[in-house]
Amino acid sequence: MKHAKKILGLIGHQVGYSLSPFLHNIAFEHLGLPYFYTLFEVYPPERLTAALDGAKALGFLGFNITIPYKERIVPYLDALSAEASEVKAVNTLLNQDGQWIGYNTDIFGFAEPLLPFKSQVNGSEVVVFGAGGAARAVVQALRQFFKPKQVWIVARDEAKAELLKEHFERRSKSLKLSACALNEASLESVLGTARLLINATPVGTDSTALPQLKTARLFPAEWKIWSPEKIAYDLVYRPQMTPFLYEAQAHGARIISGLEMLLAQGAKSFKIWTGQELPRDVVRAALQQQLKESEH
Ligand code: NAP
């Protein structure tokens, strides 16, 4: 009899547009591994613990965790990796002998594509747009892998930016952090001096994937911020060329696509589950093709 496949999946709310099943299943197929990755829509949030218990009873191998559960899931886990414990957010679970172990691969996933720019980032000012789960992983990555002079957390709700700043300041004061409201007047001086600008909000996501998002711009005169010495990093990967990246490139700035972070965090989760390297080039080419087709 054929052995059953090991089951993996993504737990979240409104997970229909995720590319994670495509990413992992292409890799499993390419390497001939007996694993299968699928989507699990879990809602309302009160169902989360029942979902975890059921998956454990059924012997599922692991999950990725996405909005709105990355932080909410933490109290239900048996152990956390050092990084997940630092940010109190989890995006990867491994069922290790009946224990749920939580990891955060977003941190390294964000850092890896930025490492070639390390000398430009170190000693420079950095702006992070957004104060949600992804922004939290971004700030942790900046603090763990780089030495920026200062990091500005910029959010439409300044109080949320302030809370994220305080979260990190409670742990260490080694990184200089400031909170700022997302409006042109308060941003004027910040944007002029920043070298690296990171979009950690969903702004710019294709309207078919996120119809409730009413704007593709963080603020009306977004284009004004770009010049050739700047670096733009957008966590959004659908479309691959977001308005943020398009403007940055048009003004001579270097750009990093959210697709690179998707691949890097996916590779790290893949390794946790399978012990093997993600066949990155095969998966990147397949993802680019898939995104291109869905953009037409
Ligand atoms: P989240 O926890 O919901 O946080 C979203 C942040 O964006 C919040 O600060 C939110 O502000 C802000 N925001 C939402 N709509 C906005 C708007 N119209 N204008 C200005 N700010 C807005 O989500 P997340 O987990 O941080 O994810 C953020 C984005 O990163 C998503 O698009 C996600 O797909 C992407 N991401 C990509 C990768 C990758 O591998 N490439 C990995 C992780 C996340 P409020 O709190 O005021 O709503």
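Predicted model: local features only at pLDDT ≥ 70, side-chain atom pairs only at ≥ 80, totals over all residues.
View 1. The bond from R238 to P239 is cis, with omega near 10°. The other cis bond in this view runs from Y43 to P44, with omega near 0°. Look for P44 in the loop between β2 (35-41) and α2 (48-57). Helices (H or I, at least four residues) and strands (E, at least two) are DSSP runs, numbered from the N terminus.

**View 2. Six strands make an open, parallel sheet.** Follow the order β9-β8-β7-β10-β11-β12 across the sheet; strands pair if DSSP finds at least two bridges between them. From one strand to the next, the twist averages 20°. Helix α7 (residues 158-171) lies across β8 (150-155) and β9, and runs at about 170° to β9. Angles run from 0 to 180 degrees between N-to-C directions of axes fitted to C-alpha atoms, for helices over the stretch in contact.

**View 3. Strand β11 (residues 231-234) is covered on both faces.** In a regular strand, side chains alternate between the two faces of the sheet. Here I231 and Y233 sit on one side, A232 and D234 sit on the other, and all are buried (buried is under 20% relative accessible area, exposed over 50%, partly exposed in between; 1.4 Å probe, protein chains only). Four bridges pair β11 in the parallel sense with β10 (residues 194-199), where N199 stands opposite D234. Three bridges join β11 to β12 (residues 254-256), again parallel. Across that pairing, I231 has R254 as its bridge partner, while A232 stands opposite I255.

**View 4. Helices α4 and α6 pack against each other.** The axes of α4 (residues 106-114) and α6 (residues 133-145) are 8 Å apart and meet at an angle of about 60°. That angle makes α4 oblique to α6 (under 35 degrees is roughly parallel, over 145 roughly antiparallel, 65 to 115 roughly perpendicular, the rest oblique). Among the residues making the contact are F108 and F110 of α4 and L142 and F145 of α6; contact means heavy atoms within 4.5 Å.

View 5. E247, in helix α9 (residues 243-250), counts as buried because its relative accessibility is 15%. Leaving out residues up to four places away in sequence, E247 touches R217, W223 and W226. Q120, in helix α5 (residues 118-121), counts as partly exposed at 21%. With neighbours within four places set aside, Q120 contacts R195 and I231.

**View 6. Q14 and K88 have positive phi without being glycines.** Q14, with phi of about 60°, is in the loop between β1 (6-12) and α1 (20-31). Its 59% relative accessibility means that Q14 counts as exposed. K88, with phi of about 55°, is in the loop between α3 (82-87) and β5 (92-96). At 37% relative accessible area, K88 is partly exposed.

How values were computed: Residues numbered from 1 in each chain as written. Heavy atoms only, no water.
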